[in-house]
Amino acid sequence: MFDNLSDKLDKALHVLKGHGSITEVNVAETLKEVRRALLDADVNFKTAKEFTNTVKEKALGQNVLTTLQPGQLMVKLVKDELTELMGGETAGINLSGTPTVILMSGLQGSGKTTFSGKLANYLKTKKAKKPLLVACDIYRPAAINQLHVVGDQIGVEVYSEPENKNPVQIAQNAIAHAKQNGFNVVIVDTAGRLAIDEAMMTEIANVHKAINPQETLFVVDAMTGQDAVNTAKTFNERLNFDGIVLTKLDGDTRGGAAISIKSVVDKPIKFIGTGEKMDAIDVFHPARMADRILGMGDVVSLVERAQEQFDEEEARKIQKKIAKNQFGFDDFLNQIQQVKKMGSMKDLVGMIPGAGKALKDVDIDDDAFKGIEAIIHSMTPTERTQPSVINGSRKKRIASGSGTSVQQVNQLLKQFDQMSKMMKMMQGGGGRKMMQAMGK
Ligand code: GDP
């Protein structure tokens, strides 16, 4: 996420970080570089200028040059200002109303339908809500189908009236249906066009007026940079929306939209989309995003994700198995699934302070586990619970079954063996035995 911008800001601030004495000249020079980095990231010109001016004023006001660690203070000022620019506080979603009505707006291709599904899934699994998805795109039957596919995937009902050409009516009928059937959130996915046009704007404004939603979210593709900001402006003038959803932040986004959209339309970014899968949704936290942009990682989010996946019951079972020497390949497979649920590897690495930068050029792909999973899937149940039975001919069979080599199978068996030993030692006796095993 925002690799290029992170890199440039890091270079700009590096000069200050390393300096014992800092002069007004290199503060000015640094801020010039910061501004250039922001412009390169497609941040709006006015925003970038105001940003550096504010940081400069604050630096002068706090007498940065006379403090003990001027470099670090400057980094902090930049971080605080970035946070402020992106909205300061985390903006929550308004879930009042029975049912809560959420209207989605945005251009076609922005990720509206995908996000409607992600939001429904988030509210269902994280907020114990019973959402109803509503297909209000009366022009593209494919769009209605797409929402049904999404709904099936996450087990959420989708309301549609393929024959009805009146989106206002569909939305109203859906809300009535929700009231009658105990749904407490209604998410209305509307039609988008490839570009802004008056008919679309009138249509969504009519739906908006008729259903009076608690939340109107504007969905925009972060990859479109300044266009995203301009589109937001137009939608906001018509809908006065409540919040922004930035999608496709997993891609090679330059970051401009995330940084300048709030200052231009004065509406908070509430969620971000970080992938095509239904769980690739995050609440937007300005301070954490500023940390990530400045290469400081985002440990809080990382820990939160780990906690979300952590299943105490499962952990106890595993512990018992390890104690009884019964930890097998099925359990290992299970652990891999847990890690994978936390998100894409690249995304996770980006949350570790410093790691994103250090591993920037290393190709971390999510296929890393594929070979391992294939090997385990090619094992018989006995082989999975008692790897010691895997002899030469079994190894050959497993390798050909999984499309890997005997060497790869050997490697996995060896790693698994080491890991099992390590686990056993951690369980009983702890560190001392481990040190012995390591030859100390
Ligand atoms: P809509 O026309 O606004 O409803 O857009 P869709 O939901 O159909 O999304 C358009 C394309 O963007 C689809 O191929 C989605 O899979 C993809 N997409 C949506 N959100 C994200 C995201 O956060 N990251 C990535 N990489 N792709 C996304």
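Of the 440 residues of the protein, 39% count as buried, a residue being buried if 20 or more other C-beta atoms, placed from the backbone, lie within 10 Å of its own, exposed if 12 or fewer do, and partly exposed in between. The model is a predicted one, in which local features need pLDDT of at least 70 and side-chain atom pairs count only at pLDDT 80 or more, while totals for chains, interfaces and linings use all residues. Residues are numbered from 1 along each chain as its sequence is written.

The secondary structure comprises 21 helices and eight strands, where helices (H or I, at least four residues) and strands (E, at least two) are DSSP runs numbered from the N terminus. Among contacts between residues at least 6 apart in sequence, 73% join residues at least 24 apart, a contact meaning that the two C-beta atoms, placed from the backbone, lie within 7 Å.

Six of the six residues of strand 2 (residues 131–136) are buried, so this strand is largely enclosed by the rest of the structure. Pro131, Leu133 and Ala135 are buried on one side of strand 2, and Leu132, Val134 and Cys136 are buried on the other.

The protein is divided into domain 1 (3–85), domain 2 (100–296) and domain 3 (308–437), with bounds that come from an automatic or database domain assignment. The C-alpha centres of domain 1 and domain 2 lie 34 Å apart, and the contact between these two domains takes 17 residues from domain 1 and 17 residues from domain 2. On the side of domain 1 that touches domain 2, helix 1 (3–18) and helix 4 (70–85) each supply at least two residues, and helix 4 gives the most, with six residues. The residues of that side divide into nine nonpolar, five polar and three charged, where Ala, Val, Leu, Ile, Met, Phe, Trp, Tyr, Cys and Pro count as nonpolar, Asp, Glu, Lys and Arg as charged, and the others, Gly among them, as polar.
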